[in-house]
Amino acid sequence: MPHLRPLPAAGRRPAAAFAAALAVLLVAVLSVVSSSGPARAAATPQEVTGFGSNPGNLRMFRYVPPGLPDGRPVVVALHGCTQNAASYAAHTGWLGLADTYKFSLVLPQQQSVNNSNSCFNWFEPGDTRRDSGEVLSIKQMVDHAKKDSGAKSAYASGLSAGGGMVSAMLAAYPDVFSGGGIIAGLPHGCANSVSTAFTCMSPGVNRSAKEWGDRVRAASSYSGPRPKVSIWQGTTDTTVKPMNATELMEQFTNVNGTDQVPDTTDTVAGYPHRVYGDTVETYEITGMGHGHPVDPGTGPAQCGTAASYVLDVNTCSAYHLLRFWDIDDSASPTPTPTGTSTPTPTPTSTLPPYSDTAEGTATDHYVAQRITVDEYNKLGAARGYNTPFTLYKCVAGWTDKSDCSPI
């Protein structure tokens, strides 16, 4: 079984070498097939060239929403195998969310000359080491986008092989990224070849939290605050086995300095959700196979279009990532007054717009943006919630889910 070795930037891997190694091994493993037809025709990512030395030989696409205010974040979205940047961004809902919440998208795209199935090489040491290969190419894309827009922060999310590459990016560049989203992905440092990649994906590799954390710490000399990490996994995924979500949780809780006991355990859209020290969260999507969760529709928490390996499971993972990263405000510019304006009346009450007690978890209330009890119940019925929720009581004037406690 040939071992895949990276070549220097001046001469990336010949296509023949990859066809032999990857056609046999990776087609059935991290293959994510893009479906025909764009999910959202109004927004079109544009290719950017000349963004850096590009040692990983990747293509860069970017989407900048109309009227993007200066300083808004950059979000990197990494596709899965055989997908391309534009279809992944459209089907998963990232394009529409960029319009709504005003952030720019960086969309790296793999080339078949690097990997015959267009998978990001998450298992290749030369492509996952700081200042080398594909991770450096992606970092250069982010630097270019930040310089262009004045952005102060960046986040990264990816599916499958893209999720494995997000793990590598967060390990190699914790000084660049403030948060990450790993969807059906793998821990950083789990594999260093095609054969070990197979083992990591199925059945998975069990290591201690410290062993996993050490692999991240060894990736850079950074000693500051680490990125927040959101981990998503389907319980019936046979491509990337569910134990990988546990290993990812152990890796990033350890490196973020918290234990592996959740501080919050609740449900979102009926799915188990756990939060560890406010820096790591996991979503266990019951009954979901290998894919990216979406919830098609026009509601504020909905997004995406179902496609091959983009799965309608009644929850929009991209939206929840924005919530977890705290960049979900619309950030629309405040209009400058042009004439005499009427003073805004002083509010007569600072109470939240619902009573102290409501059905649902603290996280549900928070995600629902403090809607009224009636509105919350109607939303729950419309979205098909069928799991009993704990009653919570929130203090008057609450602003965060930590201000709520079970009754």
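**Group meeting: a walk through the rings and helices**

Let's start with a charge on a ring: R207 lies over the face of W212, 5.0 Å from the ring centre. By that I mean that NZ of Lys or CZ of Arg is within 6 Å of the ring centre and within 35 degrees of the ring normal. There's another one, with the charged end of K228 over the ring of F324, 4.4 Å from its centre.

Before I go on, a word on what you're looking at. This is a predicted model, where local features need pLDDT of at least 70 and side-chain atom pairs count only at pLDDT 80 or more, while totals for chains, interfaces and linings use all residues. Residues are numbered from 1 along each chain as its sequence is written, and side-chain values use heavy atoms, with hydrogens and water left out.

Okay, the overall picture. The protein chain has 12 helices and 15 strands. Those are DSSP runs numbered from the N terminus: H or I over at least four residues for helices, E over at least two for strands. Of the 407 residues in the chain, 54% are buried. Buried here is under 20% relative accessible area, exposed is over 50%, and partly exposed is in between, using a 1.4 Å probe and protein chains only. The chain exposes about 16600 Å², and carbon and sulfur atoms supply 53% of that; the areas come from the Shrake-Rupley method with a 1.4 Å probe, and for residues only the protein chains shown count as cover.

What about contacts, meaning heavy atoms within 4.5 Å? Take the contacts in the chain with a separation of 6 or more: 70% of them join residues 24 or more positions apart.

Now, back to rings. How many aromatic pairs does the count come to? It comes to 6. The rule takes rings of Phe, Tyr and Trp (its six-membered ring) with centres within 6.5 Å, and calls planes under 30 degrees apart stacked, over 60 edge-to-face and the rest tilted. One of the pairs is W94 with F103, edge-to-face, at 6.1 Å centre to centre and 85 degrees between the planes. Both W94 and F103 are buried. Then there's Y101 with Y319, a tilted pair at 6.3 Å and 45 degrees. I like this one because Y101 lies in helix α3 (residues 94–101) and Y319 in helix α10 (residues 317–325), so the pair ties together parts that are 218 residues apart in sequence. Y101 is buried, at 8% relative accessible area, and Y319 is buried too, at 2%. And W94, F103, Y155 and W325 form one aromatic cluster.

So how do those helices sit? The axes of α3 and α10 come within 10 Å and cross at roughly 40 degrees. Axes are lines fitted to C-alpha atoms, for helices over the stretch in contact, with angles from 0 to 180 degrees between N-to-C directions. For the cut-offs, under 35 degrees is roughly parallel, over 145 roughly antiparallel, 65 to 115 roughly perpendicular, and the rest oblique. On the α3 side the contact is made by W94, L97 and Y101, and on the α10 side by A318, Y319, L321, L322 and W325.

For another crossing, look at α5 (residues 133–149) and α6 (residues 161–172), whose axes come within 10 Å and cross at roughly 75 degrees. That makes α5 roughly perpendicular to α6. Here E134, V135, I138 and K139 of α5 meet M165, A168 and M169 of α6.

A stop inside the fold: M60, in strand β2. Is M60 buried or exposed? Buried, at 0% relative accessibility. Leaving out residues up to four places away in sequence, M60 touches Q46, E47, V48, F51, V106, L107, M141 and H144. The C-alpha atoms of M60 and P45 are 9.6 Å apart, with the two residues 15 apart along the chain.

Most residues other than glycine have a negative phi, and most peptide bonds are trans. N57, though, has a positive phi near 60 degrees; you'll find N57 in the loop between β1 (46–48) and β2 (59–63), partly exposed at 24%. T82 also has a positive phi, about 65 degrees, in the loop between β3 (74–78) and α2 (85–91), and T82 is partly exposed at 31%. Finally, the peptide bond from S202 to P203 is cis, with omega near 15 degrees, and P203 lies in the loop between α7 (194–201) and α8 (209–217).

Key. Contact = heavy atoms within 4.5 Å.
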